[in-house]
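Please open the structure in your viewer and follow the stops below in order. At each stop, select the named parts before reading on.

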Amino acid sequence: MRGLKGLAVALAAVLCLGAAAASDPAERLPDPAQEVRARSLFRDIRCLVCQNESIDDSEAELAADLRRIVRDQIAAGRSDAQVRTFLTDRYGEFVLLKPKFSPGNAVLWLGPFAAILLGGAAALILRRKDGGVTPLSPEEESRLAALAEELDTIPPHDGHIKTLARETKGS
Amino acid sequence: MIAELGAFALVLAFALSALQVGCSVLARLRHDAALRGAGEGAAAASFMAVGIAFAALVTAFVTSDFSVSNVAANSHTDQPLFYKVTGAWGSHEGSMLLWDLALTGFGMAIALMGRNLPTGLKAVAVATQGGLGLLFIGYTAFASNPFLRIAAAPIEGRSLNPVLQDPFFAIHPPFLYSGYVGFSVVFSLAVGALVEGRVDAAWARWVRPWSLAAWSLLTVGITLGSFWAYYELGWGGWWAWDPVENASFMPWLAGAALLHSAIVTEKRGALAGWTVFLSLAAFVCSMLGAFLVRSGVLTSVHAFAVDPTRGVLLLIILGIAGGGAFGLFAWRAPKLAPGGLFAPVSREGALVLNNLFLAAATLTVMLGTLYPLIRQALTGEAISVGGPYFGLTFGPLMVACLLIVPAGPLLAWKRGDLLGALQRLWVAAVIALAAGFAAWFVFAPKTAIAGLGVGLGTWLIAGAISEIVVRSRLTASGGRQALRRLAGLPRGAWGMTLAHIGLGVFVAGACVESAGKAEMAQALSPGQSLKVAAFTLTLKDVGSFEGPNYTAERATVLVKGPGNPAEMTPERRFYPATRQATSQVAIQRHGASDLYVVLGESRTASGATAWLLRVYWNPWARLIFLGPLLMALGGAISLSDRRLRIAAAKRPARAPALEPAE
């Protein structure tokens, strides 16, 4: 059983690998504009027997069939949305490499942006709890500037003090 | 005999890992130096034992000992010696052994090189590393043993998968695994810090070089794999958002976040809890990747093993190590002392923003990879997540993240001057905008992606150079003094600059390649020609010849166009041992761009034989691989910085660097 499954995977790999198949001249549509549309659709449609490969890349026979279906539909004047609907009615949402924006996929689509918002909010709240930073008063600023100037006049041969000075300034 | 020696050494390594855990835990509890030394000795011995096992496996491959099942499945007497050796890690079992080798090697590194670590922290870290060894070596020895014999040895082996018989593939796993497993060191150090309840600058000084080393190795590993896919698989692409690629990308992103947050923890003592969390997360992502690739939950061209029992075992390992570590984090992290304060506009603030984006990017890749599995498990509905999804989610997050990169290093710690930083960057901004618009006008199909990519890439490169110029104070103090200042800059600063330049190079290359790629395929009989971009390619003839373990058809294609005429010779190879055909792509490099020719199958139509020739023009494609190599080189240069090798506790009598690092 294990061997069989392994073989199936290996076979699928062999079938799917290889040069981008969709450009095969024997399959092309005569109208270049339609062909461009077909190619861009191919990139969004999954070859069902391969691992996450679009039918644009896959050399599997099934991918060739799907490409033929898409090209036929485009040649028959269907819109991109109609072609997608036709494919999902037949094969389910699995065939789309770009999942639909639906309640079931809300986590998938909104997760990344929610992470930014929640993460940013958490960072701000945690910072507040730490108390934030009170800016230096004008007197403190001028004292700091004076100190920094003083340190800059230290002769260059005194490397250690110079470094300490720089580090103090840098931090 | 040699296989039995290997199997014995593997079980010995398992026992030594157990000893390593036992001695180190006792040493920590009793504060006993002798026990601690014993634990460290066991760590070194465990590495040696795995080394012997690994050498035994390589020997079995080199001598074509087909009574060993793993050799019979992955080698062949006709295979060149080089591929016999690399076949040792071309299978699930062999690559697990390579993983163990790296894991125990890093364990030994902590034991031998961590002299400056506080003894308690070190004992816990060595124990944790031993615990990981126990899990993974145990798994290899008892569930995935590469030394199993078969009763009736076949006369000939089944050969290594031909697409893996390639010099780049051969060195890709060792780099990749050193990177993956390199994060185990920071994982162990983080567990140590949580147990000890102390995260300080000395700890962060340890985490930084190790995360930098692991991340740089992982960068090289992923780049090699991507380059291999580019020229060996002959599909003209280099990244497909395949779940297995994502599995290597997650630890890379988490590691990149860790590199940056560890700087804040080291310099300012802030973000301690977050740095600890990332240290755990990076290695958990590595283990998640190992689980995804090997368990068979994903069936991919990369996935070696489709075996549910192994999958369950790996999931248990992931659960023990990951669950234990995050549980410990939840329990102990609140006890960590809060670090230095900083204003939102400061270098800390910029690095927090960087971490926010990198963490969200990691989460995006994780969602895209795991969500289909989770949704199918919960509702039974199958969905697919591919490139278009990542383009819409990961893409904008990364653009936002990259935009702030040049500003970070120009902001001061604690409280920065955003206006000042932006004033110093206006030259870079003007150059970047000009380059972006120029790219938008120049590249033949006018696409926003090319303009955006070049603009963003230039922004990163020019921004990194601006920072160096600002540091040299060229405008204020004149050329000679500026040069002296530059010579005095620590290597860490140069490493960062180079890594950021590499990032820019990559972004420009990736965007221009995907926007400006031209493709043409045609069935040609000898004498016929096709056109792609500025080139005309004529098929001269197709001959056949025999290689060491394959037969091949080789086409001679005459190319006319810029920098030509020249001949290109793409091949199509057939490996009888596995009955597989592969293509040997011919690539002609033009600066950073590639003319890429693939020979397809032959077709006979109306009496004449024609060969399908696929030709791609991949503008700036080489930058995609050059950029990450520059990033890894930047990491290596930073690693050579003296300050990273000197523990914070021991201050040198005379500080070597003239300038602060960041």
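Begin by selecting B:Arg208 and B:Glu266, whose side chains form a salt bridge with an N to O distance of 2.8 Å. The model in view is a predicted one. This pair links distant parts of the chain: B:Arg208 belongs to helix H8 (residues 201-232) of chain B, and B:Glu266 to helix H9 (residues 243-268) of chain B, 58 residues apart. Both B:Arg208 and B:Glu266 are buried.

Next, select B:Arg149 and B:Glu4, where a second salt bridge is found (2.6 Å, N to O). B:Arg149 lies in the loop between helix H6 (119-143) and helix H7 (167-196) of chain B, while B:Glu4 sits in helix H1 (residues 2-30) of chain B, so the pair ties together parts 145 residues apart in sequence. B:Arg149 is partly exposed, at 32% relative accessibility, and B:Glu4 is partly exposed as well, at 37%.

Now move to chain A and select A:Asp56 and A:Arg43, a salt bridge whose closest N and O atoms are 3.6 Å apart. Is A:Asp56 buried or exposed? A:Asp56 is buried, with a relative accessible area of 5%, whereas A:Arg43 is partly exposed at 44%.

Finally, select helix H16 (residues 448-472) and helix H19 (residues 491-516) of chain B, whose axes come within 7 Å and cross at roughly 165 degrees. H16(B) is therefore roughly antiparallel to H19(B). The residues of their contact comprise 20 nonpolar, 6 polar and 2 charged.

Technical notes: Residues are numbered from 1 along each chain as its sequence is written. Chains are lettered from A and ligands numbered from 1 in the order in which they are written. This is a predicted model: local features need pLDDT of at least 70, side-chain atom pairs count only at pLDDT 80 or more; totals for chains, interfaces and linings use all residues. Side-chain values use heavy atoms; hydrogens and water are left out. Axes are lines fitted to C-alpha atoms, for helices over the stretch in contact, and angles run from 0 to 180 degrees between N-to-C directions. Helices (H or I, at least four residues) and strands (E, at least two) are DSSP runs, numbered from the N terminus. Angles under 35 degrees count as roughly parallel, over 145 as roughly antiparallel, 65 to 115 as roughly perpendicular and the rest as oblique. Ala, Val, Leu, Ile, Met, Phe, Trp, Tyr, Cys and Pro count as nonpolar, Asp, Glu, Lys and Arg as charged, and the others, Gly among them, as polar. A salt bridge is a side-chain nitrogen of Lys or Arg within 4 Å of a carboxyl oxygen of Asp or Glu. Buried means under 20% relative accessible area, exposed over 50%, partly exposed in between (1.4 Å probe, protein chains only).
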